[in-house]
Amino acid sequence: MTNKIDFNDRMLSLGLARVSEAAAIASADLIGRGDEKAADQAAVNAMRDQLNKLDISGVVVIGEGERDEAPMLYIGEEVGSGHGPGVDIALDPLEGTTLTAKDMPNALTVIAMGPRGSMLHAPDVYMEKLAIGPGYKTDVVSLEMSPRERILELAKAKKCEAKDITVCVLDRPRHQKIIEDVRSTGAAIRLITDGDVAGVMHCAEPSTTGIDIYMGIGGAPEGVLAAAALKCMGGQIYGRLIFRNDDEKARAIKAGIKDFDRIYTKDEMVTQDVIFAATGVTGGSLLPAIKREVGFVTTETILMRSKTGSIRRMIYKNPTG
């Protein structure tokens, strides 16, 4: 049997939703409390506990960092019962630790799972990213284009004016040139402080989120998670690794990357069918915030399978105490 046959995504999908929910619920009491590390640790502990209940032979390929940096859910850690299909796991137990600590929008718990060998082992370096939603021809925009050219080409493809395009960009000093170039077209920019997996996912549902395109430089591991989401939701993402020093290049070589200038597409970052789950922690355009009531915590999770294109929204009311 091949990995594709062994990977029972239909049966595993509900388990993956439980993993995402557990991480979100664990961080609920730390929303707005100003303690990023505590919020992240609570989510990590809960996600790992739930993963180890699944009948999988899982390996974390995108996780909390290298083994010497992260005691749990580190890259290369084996998770699951050890019985079941061999799978790659990409995760961010709390995407937006700062957002959670400050009770700002769009903090999520995020996890993706695919057959063993299906996900790019992206080192913890920067990645230049460009993403749009479904319904466009391939390469309507590219990383070789200037930000201005991307807006004009996307507007042409969407049959609208540049001023009708909204771009999501991480609010960082390194993006000043992008911001100036985009605004010169008349397009609008929605700046986000953190959480670029959610930023990319926004492109896949522009009628809901108001976002047409994502661009800028963020973490490479988050790029793979975003690619897994778009594999399910539709859309395009392009990523190119950025190295600041020889140590980062050495990390890439260790991860099996040889071509430092390669531009990765969605299907090169995630080569086979995947399942993806994300649970809202603080409210945003994609998912509502965790709701805390006396005796209950309520979450909403988006659960997706790329094989069928199915997207489920699941509300979970969990008794507390």
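This is a predicted model: local features need pLDDT of at least 70, side-chain atom pairs count only at pLDDT 80 or more; totals for chains, interfaces and linings use all residues.
Cys 160 takes part in no disulfide, and the nearest cysteine sulfur to its own, that of Cys 203, lies 14 Å away. Cys 160 is partly exposed, with a relative accessible area of 23%.

For Cys 168, the closest cysteine sulfur also belongs to Cys 203, and the separation of 6.7 Å is too far for a bond, because a disulfide calls for two cysteine sulfur atoms within 2.5 Å. Cys 168 counts as buried, at 2% relative accessibility.

The largest nonpolar core is made up of 49 residues, and the members with the most contacts inside it are Met 201, Met 269 and Phe 276. The element that gives the most to this core is helix 9, which spans residues 220-233 and supplies 10 residues.

When neighbours within four places in sequence are left aside, Met 201 is in contact with Ala 229, Met 233, Phe 276, Leu 286, Ile 302 and Met 304.

## Helix 5 against helix 6

Helix 5, covering residues 147-158, packs with helix 6, covering residues 176-183, at an angle of about 40°, and the two axes are 8 Å apart. This angle makes helix 5 oblique to helix 6, and the crossing of the two helices is right-handed. On the side of helix 5 the contact is made by Pro 147, Arg 148 and Ile 151, while helix 6 contributes Ile 178, Asp 181 and Val 182.

## Thr 298 and Glu 293

Thr 298 is placed in strand 13, which runs over residues 296-305, and with a relative accessibility of 16% it counts as buried. Not counting residues up to four places away in sequence, Thr 298 touches Ala 289, Ile 290, Lys 291, Glu 293, Ile 315, Tyr 316 and Lys 317.

Glu 293, one of the residues touched by Thr 298, has its place in strand 12, which covers residues 291-293. Whereas Thr 298 is buried, Glu 293 counts as partly exposed, at 34% relative accessibility. Once its neighbours within four places in sequence are left aside, Glu 293 is in contact with Thr 298 and Lys 317, and Lys 317 is also among the residues that Thr 298 touches. Glu 293 and Glu 153 are 140 residues apart in sequence, and from C-alpha to C-alpha they are 48 Å apart in space.

## Two residues with positive phi

Most residues other than glycine have a negative phi. Leu 73 is not a glycine, yet its phi is positive, at about 55°. Leu 73 lies in the loop between strand 1, residues 57-62, and strand 2, residues 78-79, and it is buried, with a relative accessible area of 0%.

Asp 103, likewise a residue other than glycine, has a positive phi near 55°. Its position is in the loop between helix 4, residues 97-101, and strand 4, residues 108-115. Leu 73 is buried, but Asp 103 counts as partly exposed, at 48% relative accessibility.

Technical notes. Residues are numbered from 1 along each chain as its sequence is written. Side-chain values use heavy atoms; hydrogens and water are left out. A nonpolar core is a set of buried Ala, Val, Leu, Ile, Met, Phe, Trp, Tyr and Cys residues joined through side-chain atoms within 4.5 Å. Buried means under 20% relative accessible area, exposed over 50%, partly exposed in between (1.4 Å probe, protein chains only). Helices (H or I, at least four residues) and strands (E, at least two) are DSSP runs, numbered from the N terminus. Contact means heavy atoms within 4.5 Å. Axes are lines fitted to C-alpha atoms, for helices over the stretch in contact, and angles run from 0 to 180 degrees between N-to-C directions. Angles under 35 degrees count as roughly parallel, over 145 as roughly antiparallel, 65 to 115 as roughly perpendicular and the rest as oblique. A crossing is left-handed if the near helix is turned anticlockwise from the far one by less than a right angle, and right-handed if clockwise.
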